[in-house]
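User: I'd like to go through the labels on this model and hear what each one rests on. Could you take them one by one?

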Amino acid sequence: MFTGHGVDNATVDFDLKKKEDNMFVAKNPSGECIISCNGSIFSIHDLKQELMKCNPSRLTLTLDCCRNMNRSSCSSIETVKLRNKRPISYEDQQKIAVIHGTSDLHTASDKHSFTQELYKVFEDENGEIPILDIAGKVNQSWQDNKIFEQLCKHDVVEVGSNWKYYMWPTAYTIKAKQENLSVDPVPNSTVNEKKIDMEKILEEITKKQEADREENLKRFQSLEAENLAGKETIKKLEREFSELNVQDVQDVQDVQDETRKRKQNTMSGITSKSRKTSNTSVNTLI
């Protein structure tokens with residue numbers, strides 16, 4: 001985290017005696033820089049490179065410093081002032097989203113260009129992409145296809161969710177519809193009417209539940225009465241069956257007694273007849 005002075009340096013010092021081919025070599029960095037305590041400037045781009053030498057898994061920079069353009073020079077050697085850039089107003093910056101097809105100081109490939117890869121993602125997303133997702137989806141698409149030599153990035157000033165729901169390229173904004181709903185609140189009268197309707201519905205549901213409960217109670221009582229009647233019927237049948245068994249046993253015993261008497265009478269008759277026959281035979285012999 002850096003908190004201090006910063007500058008977008010537009011003053012480049014060079015030495016006329018030092019030249020490479022037809023070009024003079026700058027003595028100081030240009031573009032976005034931070035300013036040290038002794039007044040020297042250090043390029044943010046160079047700062048990123050120096051920090052990456054530590055081989056971090058991720059690098060975050062928090063820079064709390066100015067980014068205004070510096071066009072003054074106290075150098076005793078030759079100085080070139082770069083073309084002036086007019087600052088964009090804060091209001092306009094919130095309206096601008098820039099998507100770079102390649103990262104800083106890298107070339108763009110014609111074989112696997114950003115436009116070609118963006119079109120693939122565009123088709124996969126059925127014709128609409130959240131603008132803040134474009135860089136991530138395109139970079140992922142490149143790497144899925146084993147293309148690691150190009151990365152895109154976006155430059156967007158986010159204020160709340162001003163770009164979160166913006167769909168590219170249709171410019172359709174989901175949030176706009178949601179905000180429209182919140183701008184036109186539902187009148188209190190409508191809310192009260194809906195509340196009354198809901199109370200009526202709840203009352204009807206309660207009545208139906210009470211009616212169902214009473215109906216179920218009646219059915220239970222009816223089933224209980226039928227159960228008692230069934231038990232009484234079973235007891236009656238058991239008694240009749242028991243009485244029937246006793247009578248049947250008595251009838252059998254009566255039949256057996258009658259049969260026994262008849263048998264005894266028959267045997268008595270046979271015995272009496274035999275005696276008479278014996279007496280007659282004896283008398284004849286005499």
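User: What makes strand 3 and strand 4 a hairpin, and which residue in the turn has a positive phi?

Analyst: Strand 3 and strand 4 form a hairpin with two residues between them, and Asp-21 in the turn has a positive phi of about 55°. Three bridges join strand 3 (residues 11-20) to strand 4 (residues 23-26), and they run antiparallel. Strands pair if DSSP finds at least two bridges between them, so with three bridges this counts as a pair. Phe-14, for one, has Ala-26 in strand 4 as its bridge partner. Strands here are DSSP E runs of at least two residues, helices are H or I runs of at least four, and both are numbered from the N terminus.

Before we go on: this is a predicted model, where local features need pLDDT of at least 70, side-chain atom pairs count only at pLDDT 80 or more, and totals for chains, interfaces and linings use all residues. Residues are numbered from 1 along each chain as its sequence is written, and side-chain values use heavy atoms, with hydrogens and water left out.

User: How do you know that strand 5 pairs with strand 2 and with strand 6?

Analyst: Strand 2 (residues 6-9) and strand 5 (residues 31-35) are antiparallel over four bridges, while strand 5 and strand 6 (residues 41-43) are antiparallel over three bridges. Cys-33 shows up in both: it is the bridge partner of Val-7 and stands opposite Ser-43 in strand 6.

User: Why are the buried residues of helix 3 said to be on the same side?

Analyst: The buried ones in helix 3 (residues 114-124) are Phe-114, Glu-117, Leu-118 and Val-121. They cover an arc of only 100° around the axis, so they sit on the same side of helix 3. The arc is taken from the directions from the helix axis to the C-beta atoms. Buried means under 20% relative accessible area, exposed over 50%, and partly exposed in between (1.4 Å probe, protein chains only). They pack against strand 10 (97-100), strand 11 (129-130), helix 4 (134-144) and strand 13 (167-168), where contact means heavy atoms within 4.5 Å.

User: What makes the buried residues of helix 4 line one face?

Analyst: Ile-134, Ala-135, Val-138, Asn-139, Ser-141 and Trp-142 are buried in helix 4. Seen down the axis, they fall within an arc of 160°, so they line one face of the helix. Among the elements that cover them are helix 3 and strand 12 (153-156).

User: Why is the contact between Lys-137 and Glu-125 called a salt bridge?

Analyst: The rule asks for a side-chain nitrogen of Lys or Arg within 4 Å of a carboxyl oxygen of Asp or Glu. Lys-137 and Glu-125 come in at 3.3 Å, N to O, so the pair qualifies. Lys-137 is in helix 4, and Glu-125 is in the loop between helix 3 and strand 11, 12 residues apart. By this rule the count comes to nine salt bridges.
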